[in-house]
Amino acid sequence: MDQYVIKGGNPLHGEVEIGGAKNAALAILAAAVMADEAVTIENLPDVRDINVMLQAIENIGAAVERLDIHTVRINGAFIHGFTVDNEYIRKIRASYYLLGALLGKYKNAEVALPGGCAIGSRPIDLHLKGFRALGAQVDIQRGMVVMTAQTLSGTHIYLDKVSVGATINIMMAAAMAAGKTIIENAAKEPHVVDVANFLNCMGAKIRGAGTDVIRITGVESLHGAEYSIIPDQIEAGTFMFAAAATGGDVLVRNVIPKHLEATTAKLLEVGCRVEEFDDAVRVTVTRSLHHTQVTTLPYPGFPTDMQPQMGVVLGLSSGTSTITESIFENRFKYVDELAKMGANIKVEGNIAIIYGTERYYGARVSAPDLRAGAALVIAGLAADRITTVDDIYYVERGYEAFEEKLRGLGGEIRKVGSEKEIQKFKLKIVS
Ligand code: UD1
């Protein structure tokens, strides 16, 4: 099993380029099959979850042509099946987007219940409530969501909880329903807007994405388009926190600074310097960091996907900080791993109380999920001596060329597949 082995202690310095947003891309790939013509999608991140999604749409008959590693052409005109199930698709959360896409276009969908990171119970009741409201018959059979509809009709849907997945999924199905749909209490995340923009490029009529009321007028067909995915705000934030934790100076390029406002605000609060440019942000540490309070919230609040990385930074900040996790109930699993590196964190319910310590010490830790895995890598880069991170499969689901990008900033990190390779890395570091 592959691991990262990291020799910590080098402040990260330099420039790093951010790729396309994984969570936007997953929905956009699903939506692409709704067009009757070829669609070209650029700025696609080359990560495991994306490749699983591409395989899934190819399996139901879509023509998928990889023009280069970040560009794909998809033609959904050849789709011949509506059943999506394999061991890989069962592991990714975003498989649920095929429900909205296939239901909208073909009024038929049969998709394995979604998996994804084990960060909470993660129901999809709101997605199903929306599909039912549009007129679909929805059943759960043998671990599959099975949906059919004679016709889909526009309606008024209120989401009881702000859900990114439910908002995008209902928006996709409603894009091809007859008449008008209004989604109230919609999620406002940048990737909701990106998916709406993509659907509109294909001829959909969606207004209000990015606010809490989205209005959709259904259309009968969608046409070909060319589209470039927005930069990944979570990848960007991860490098910003890596700069902070290691006491570095990093220019994070190809970002939309507006999408990073909550992250930037917290870095300023702990004492970092953050400069914003048109499409870049620079994080510099010039003095020791201090405590603050963080609560995760839907956008524009502080993202739950940045919470573990923030936790690692606060663990190294003087004084007592708190993190309140309000989105997912099981998102502090990294705390036990971080404790092995010397962190002093107590979790009570959905609140982590973090007593800052001066440094982390290298240890053998294991990634409990995608973002927590990235956070442990950051801790390893900041720690004294050698850290190994197991189960990096999770990290590779969402970060493209993570270790190469960190090495480009001066981080000493290698992906290794055996004990022998770890020893080789250690010898190289010492010499
Ligand atoms: C997406 C992201 C994930 C991110 C999360 C919140 C993808 C593939 N994943 O996940 O990285 O952490 O948004 O920004 O894009 N809920 C329900 N019923 C539902 C749907 C959601 O109760 O039908 C609850 C969830 O349990 C959670 C909250 O609503 O407590 C928000 O979840 P949601 O925004 O839907 O997250 P995901 O789409 O799963």
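The lining of the largest pocket divides into 20 nonpolar, 11 polar and 12 charged residues (Ala, Val, Leu, Ile, Met, Phe, Trp, Tyr, Cys and Pro count as nonpolar, Asp, Glu, Lys and Arg as charged, the others, Gly among them, as polar). The model is predicted: local features need pLDDT of at least 70 and side-chain atom pairs pLDDT 80 or more, while totals for chains, interfaces and linings use all residues. Residues are numbered from 1 along each chain as its sequence is written, and side-chain values use heavy atoms, without hydrogens and water.

A pocket here is an open set of points on a 1 Å grid over the protein atoms alone, where a 1.4 Å probe fits, with protein on both sides within 12 Å along at least five of seven lines; lining residues have an atom within 4 Å of a point. The largest pocket has a volume of about 1100 Å³, the space filled by probe spheres set on the points, which are joined across faces, edges and corners. Among its 43 lining residues, Arg 122, Val 164, Thr 304, Ile 327 and Phe 328 are closest to the centre.

The second largest pocket holds about 340 Å³. Ala 244, Ala 245, Gly 247, Leu 316 and Glu 358 are the closest to its centre of 20 lining residues. Helix α7 gives the most to this lining, with 3 residues (helices are DSSP runs of H or I, at least four residues, numbered from the N terminus).

The contact (heavy atoms within 4.5 Å) of α7 with α9 comprises 6 nonpolar, 2 polar and no charged residues.

Terms used. Helices (H or I, at least four residues) and strands (E, at least two) are DSSP runs, numbered from the N terminus.
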